[in-house]
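Subject: Structure for your review

Dear colleague,

Please find below the structure that I am handing over to you, followed by an account of what was found in it.

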Amino acid sequence: MLVRDILSTKQIGKIISVTTFDTVSSAAELLSEMRIGAVIVRDKGNEMDGILSERDIVREIGRRGVGCMSDSVSALMTTNVKSCTSTDTTQAVMQMMTDGRFRHLPVMDDGKLLGVISIGDVVAARIKEVQFENESMADLIAGNI
Ligand code: AMP
């Protein structure tokens, strides 16, 4: 299965984003409202400035307390964002997430941001894939194919 197949089945099709000038508090409100774990940070068009995850917010609260909620998003976001393409495989993106220790990956084709996939999306897709492989193998062994 490819990343584009994951994108086509996603409930939230649109890209949820904040700007670098938004407050951490308003970004947290958006994460809660949309029931997601990270938002893309971008000020104009498709250019991505960073990613802000719930983990960034919790880490900063642990470090400095709730005062960080009035900081701007730019203070807490990760700017060195890793992305995948729509033709990457589920195994490849799972490896990227494991190696990078993050649970969200923007999907970019030719510099255009197409969406964001989460580890939950990837695991669900991988389970489907493995189930299909198992059923095909069982059919093969049983002589149904
Ligand atoms: P996550 O596990 O995705 O909630 O994020 C863990 C940490 O990795 C946070 O500091 C995020 O800002 C950062 N992060 C999340 N996604 C990415 C990504 N695609 N590329 C680089 N850093 C990321």
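Which pattern does the protein chain follow when read along the sequence? The order is α-β-α-β-β-α-α-α-β-β-α, with six helices and five strands in the protein chain. Helices (H or I, at least four residues) and strands (E, at least two) are DSSP runs, numbered from the N terminus.

Please note that this is a predicted model, in which local features need pLDDT of at least 70 and side-chain atom pairs count only at pLDDT 80 or more, while totals for chains, interfaces and linings use all residues. Residues are numbered from 1 along each chain as its sequence is written, and side-chain values use heavy atoms, with hydrogens and water left out.

Overall dimensions and burial

Taken along the principal axes, the box filled by the C-alpha atoms of the protein chain is roughly 65 × 35 × 25 Å. Of the 145 residues in the protein chain, 32% are buried; buried means under 20% relative accessible area, exposed over 50%, and partly exposed in between, with a 1.4 Å probe and protein chains only. Contact means heavy atoms within 4.5 Å. Among contacts between residues at least 6 apart in sequence, 55% join residues at least 24 apart.

Nonpolar cores

A nonpolar core is a set of buried Ala, Val, Leu, Ile, Met, Phe, Trp, Tyr and Cys residues joined through side-chain atoms within 4.5 Å. The largest one has 15 residues, and those with the most contacts inside it are Val-18, Val-39, Val-41, Leu-52, Ile-57 and Val-73. Two or more residues each are given to this core by α2, β2 (38-41) and α4 (73-76), and α2 provides the largest share, four residues. Apart from this core lies another, of ten residues, including Cys-84, Val-93, Leu-105 and Ile-117.

Leu-52 belongs to strand β3 and is buried, with a relative accessible area of 0%. Leaving aside residues up to four places away in sequence, Leu-52 touches Ala-27, Gly-37, Ala-38, Val-39, Val-41, Ile-57, Val-73, Leu-76 and Met-77. Leu-52 and Ile-40 are twelve residues apart in sequence, and their C-alpha atoms are 6.5 Å apart in space.

Two buried loop residues

Thr-20 sits in the loop between β1 (17-18) and α2 (24-34). Is this residue, Thr-20, buried or exposed? Thr-20 counts as buried, because its relative accessible area is 10%. Beyond its neighbours within four places in sequence, Thr-20 is in contact with Val-41, Asp-43, Asp-49, Ser-72, Val-73, Ser-74 and Met-77.

Ile-16 is placed in the loop between α1 (3-9) and β1. With a relative accessibility of 12%, Ile-16 is buried. Residues up to four places away in sequence aside, Ile-16 touches Leu-30, Met-34, Ile-36, Val-39 and Ile-40.

The structure holds zero disulfides, a disulfide being a pair of cysteine sulfur atoms within 2.5 Å. Cys-68 is buried at a relative accessible area of 0%, and Cys-84 is buried at 2%.

Second largest pocket

On a 1 Å grid over the protein atoms alone, a pocket is an open set of points where a 1.4 Å probe fits, with protein on both sides within 12 Å along at least five of seven lines; lining residues have an atom within 4 Å of a point. Grid points are joined across faces, edges and corners, and a volume is the space filled by probe spheres set on the points. The second largest pocket has a volume of about 300 Å³. Its lining has 16 residues, of which Ile-51, Ser-53, Thr-78, Arg-101 and Phe-102 are the closest to its centre. Two or more lining residues each come from β3 (50-53), α3 (54-64) and β4 (104-109), and α3 gives the most, with three.

Backbone angles

Most residues other than glycine have a negative phi. Arg-35, which is not a glycine, has a positive phi of about 55°. Arg-35 is in the loop between α2 and β2 and is exposed, with a relative accessible area of 78%. Asp-110 likewise has a positive phi, near 50°. Asp-110 is in the loop between β4 and β5 (112-118) and is exposed, at 84% relative accessibility.

Yours sincerely
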